[in-house]
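Have the viewer open as you read.

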Amino acid sequence: MTELADLTVSELLEVYRTGQASPTDALKSCLGRIERLDPDVNAMLTLLFDRALTQAADSTKRWLNREARDLEGVPYGLKDMIATKGIRSTGGSRLYDEYIPLESATLANRLEDAGGVLVGKLQTFEFAAGANSGTPNPWNLDRWAAGSSSGSVAAVAAHELPLTFGTDTGGSIIAPSAFCGVVGLKPTYGRVPRSGIMPLSWTLDHAGPIARSVYDTALSLQVIAGHDPGDPTSARAPVDDYLDQIEAGLDGVRIGVPTDWFFEILDPEVETATRNAIRVLESHGAKVLDIPLPSTSVVDLHAIEHAILFAELASLHEGTFARLEEYGPEFQRLLVASQFTSASDYLKALRARHLVQLDFQKAFAVVDALVTPAQVCTAPLRDRIVAKIGNEERPMMEIGSRPTAIMDIVGIPTITFPVGFDQLGLPIGLQVGARPYNEAMCFRIGHAYQQLADFHKTLPAIVEADARDNHDEWRAEMHPSVVQKPVFTATEQKVW
Amino acid sequence: VPEISLNTEPTVEAFEAMAKNRGVVLEPARLAEAVEMHAKFRHELDRLRAVRLDFLPPYIEPATALRWIESEGGLHDRAGRPDGK
């Protein structure tokens, strides 16, 4: 039996439209799943029972009155880097564990204006950096979910929520989405305003949706994309109709497979799944071309990432550096180390970004999209965060961001979706990137793949068991109005 | 060809002086940890430092990367003309 919590966003909107279920029914199904699974999954940081129930009741009325908006009644969650008016917004840090913003982030306002039902604020690595292992991977609770949008991804993977939002600076949406078998979209830099979102690195930060289908990420990007005067870096480029071409299929689509960088350090099982997925795309009309990215052998991408991240992070946290001891141990190490990035290294990194972009410019002159693995391996053990590349183990923090940080450095839109499993049953994700502001191409390719393969429909064992065994309706009267978990920042791992 | 060739290995003493210059006081253990983290990435940083960026046109400035994104990846210039033509 399928519960409402197991439906995708577009499926939920259809059952609302046809009157088969109401937003209140769907919310209660999600709250039941959260109640049963979240003690293990730990995706939620702050749960908003009463507020969500009130919003869902309002949405139910709107559907009855034919006043439904684009995401009317869709339960969703926000990474706790995203400010919400009147609701604790911690950044995953004890420094802000009682911070109640006076205004919501633009992204949150747009979701509220579209009728979404905010269910909870979600776990994040402290200030979106480090390697907090407090949220496990729903596919195997001994495995790491990655991050920093760990709660956002785990909530979707565990079918607690159909839609969440995260941020991505070096891979914080794409990497955990790949590890946890869900769809994550990192839009073009500036496509989604960051006003009201706690920054990690101004020039690399992105915000985007996480869902279980490519179609849902397109639906939700439509709501949150667009210029905002409150964010001077938000793009003025017009927002496409992301659903217009999503069914266009693969005929005539030119796909580039990089011959440099992405396949150089890669677990064989991930490579096999990646190449199989590329063959599927090719056999259904896509033209596949090899694409060189020569700058990646000259310009050190890790150095660019670290120099920019460290310099901007140090500046951002200058005002609270004196409270160093209040940060978690992992972020303390980062913050101290960030003090020693020179201005010349920072400026060199900002300038060298463009050399990599020029490779991508040449690539997009001959292809519509680049297709790569989304991670170098599958999810590592939580108590031993190392990347397994065949029989070799490599430090995750040294190679884990290889496929993703380059996309943040270049600033193009990328999407990941599941394309297979390893021998342990852990998900493997493909990454598709396109020219700036061409998120529509990412959606077109991803949606076409999801019509041909159903890896995204496979359930983690804990969800399968829950869907089979539990159908009790969640009862509001048995619960408090809000649950606030304490912020967890400690980690025994010294990964940086 | 590297532009510069310096011994760039980070040291506790160098970091201590940098911290002092900024008015930041750090315990020796924290300084040592910071040095260790920088040493881990030093080879990569040296590779970045060795990348040659010309003084003469075409200029690559710190903001060029963000302008490139605005231009849809070089499709047009800031005035909206195709590919800078």
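## Surface and charge of chain A

Chain A exposes about 16700 Å², and carbon and sulfur atoms supply 49% of that area. Accessible areas come from the Shrake-Rupley method with a 1.4 Å probe, and for residues only the protein chains shown count as cover. This is a predicted model, in which local features need pLDDT of at least 70, side-chain atom pairs count only at pLDDT 80 or more, and totals for chains, interfaces and linings use all residues. Residues are numbered from 1 along each chain as its sequence is written, chains are lettered from A and ligands numbered from 1 in the order in which they are written, and side-chain values use heavy atoms, with hydrogens and water left out.

The mean positions of the 43 positive and 64 negative charges of chain A are 3 Å apart. Here Lys and Arg count as positive and Asp and Glu as negative, while His and the chain ends are not counted; each charge is placed at NZ of Lys, CZ of Arg, CG of Asp or CD of Glu.

## Overall build of chain A

Chain A holds 15 helices and 16 strands; helices (H or I, at least four residues) and strands (E, at least two) are DSSP runs, numbered from the N terminus. Its radius of gyration is 21 Å, close to the 23 Å that the globule rule gives for 496 residues, so chain A is as compact as a globular protein of that length. That radius is taken over C-alpha atoms, and the rule is 2.2 Å times the number of residues to the power 0.38.

Buried residues make up 66% of the 496 residues in chain A, where buried means under 20% relative accessible area (1.4 Å probe, protein chains only).

## A hairpin and a covered helix

Strands S12 (residues 386-389) and S13 (residues 392-395) of chain A run antiparallel, joined by 4 bridges; two strands pair if DSSP finds at least two bridges between them. They form a hairpin with 2 residues between them, and A:Gly390 in the turn has a positive phi of about 65 degrees. On S12(A), A:Ala387 and A:Ile389 make up the covered face, whereas A:Val386 and A:Lys388 lie on the uncovered one. A:Lys388 has A:Glu393 as its bridge partner in S13(A).

Helix H7 (residues 214-224) of chain A is mostly covered, with 9 of its 11 residues buried. Among them are A:Val214, A:Asp216 and A:Leu219. Just after H7(A), A:Gly226 takes a positive phi of about 125 degrees.

## Chain B

Chain B has 4 helices and 0 strands. Of its 85 residues, 36% count as buried.

Definitions and conventions
Buried means under 20% relative accessible area, exposed over 50%, partly exposed in between (1.4 Å probe, protein chains only).
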